[in-house]
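User: I'd like to learn how to read the features of this structure. Could you walk me through them one at a time?

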Amino acid sequence: MNKEEPTPVIVKTNVDDKILIAENEFSVKTTIGLAKYGDFYLEIDFRDLKPSDFESLIKLTKISGRLSFKSELVEKENYNITHVVLMEFSTGSTTSMHWKCLSDDPKHYDNLMEPEN
């Protein structure tokens, strides 16, 4: 039997935000919290999407690795989030999409690859 993941501790809910994700800019509502093992948990609500924006997001959902990420909220709060990994997404129509993500720090992996002295 699988245990459910603990619920993230939410610190900011549905904040108007501008994000840059994998070189694509969007106006969104962002929810940020802390997840297990110190990762940041993000929920991103994309609304009023143009067809081209929706298509760009669909392409991004097919990427299995981390995506570069910048956000006015993240910068304002000084959170260390530079990349995210999409864990789950849903769409209500072609004008909206909801993402659930975890932060992913590429420097963490660089440190793992450094040779020992």
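Analyst: Happy to. Helices (H or I, at least four residues) and strands (E, at least two) are DSSP runs, numbered from the N terminus. Here the protein has three helices and six strands, arranged along the sequence as β-β-β-α-β-α-β-β-α. This is a predicted model, where local features need pLDDT of at least 70, side-chain atom pairs count only at pLDDT 80 or more, and totals for chains, interfaces and linings use all residues. Residues are numbered from 1 along each chain as its sequence is written, and side-chain values use heavy atoms, with hydrogens and water left out.

User: What share of the residues counts as buried?

Analyst: Buried means under 20% relative accessible area, exposed over 50%, and partly exposed in between (1.4 Å probe, protein chains only). Of the 117 residues in this protein, 32% count as buried. For the areas themselves, the Shrake-Rupley method is used with a 1.4 Å probe, and for residues only the protein chains shown count as cover. The accessible surface comes to about 8,100 Å², with 48% belonging to carbon and sulfur atoms.

User: And how should I read the contacts in the protein?

Analyst: A contact means heavy atoms within 4.5 Å. Among the contacts with a separation of 6 or more, 52% come from residues 24 or more positions apart.

User: How many salt bridges does the structure hold?

Analyst: Side chains of opposite charge can pair when their charged atoms come close. The criterion is a side-chain nitrogen of Lys or Arg within 4 Å of a carboxyl oxygen of Asp or Glu. The structure holds five salt bridges. One of them joins the side chains of lysine 12 and glutamate 77, at 3.4 Å from N to O. Lysine 12 sits in strand β1 and glutamate 77 in helix α2 (residues 72-77), so this pair ties together parts that are 65 residues apart in sequence. Lysine 12 is partly exposed at 27% relative accessibility, and glutamate 77 is partly exposed at 26%.

User: Which residue forms a salt bridge with aspartate 16?

Analyst: That is lysine 29, with the closest N and O atoms 2.8 Å apart. The pair links lysine 29 in strand β2 to aspartate 16 in strand β1, 13 residues apart. Lysine 29 is partly exposed at 24%, whereas aspartate 16 counts as exposed at 60%.

User: Is aspartate 104 buried or exposed, and which side chain does it meet in a salt bridge?

Analyst: Aspartate 104 meets arginine 66 in a salt bridge of 3.5 Å, N to O. Arginine 66 lies in the loop between α1 (51-61) and β4 (67-71), and aspartate 104 in the loop between β6 (96-103) and α3 (106-113), so the pair ties together parts 38 residues apart in sequence. Aspartate 104 counts as buried at 11% relative accessibility, while arginine 66 is partly exposed at 39%.

User: Let's turn to the backbone. Where is alanine 22 found?

Analyst: Most residues other than glycine have a negative phi. Alanine 22, in the loop between β1 and β2 (24-34), has a positive phi of about 50 degrees although it is not a glycine. Glutamate 23 lies in the loop between β1 and β2 and has a positive phi of about 70 degrees, again without being a glycine. Alanine 22 is partly exposed at 23%, and glutamate 23 is exposed at 67%.

User: Finally, which residues form a nonpolar patch on the surface?

Analyst: Patches are made of residues with over 30% relative accessible area and no salt bridge; like charges are joined within 9 Å, and nonpolar side chains (Val, Leu, Ile, Met, Phe, Trp, Tyr) within 5 Å. Here Val9, Val11 and Leu34 form the patch, with about 250 Å² of accessible area together. Valine 11 has its place in strand β1 (residues 9-21) and is partly exposed, with a relative accessible area of 42%.
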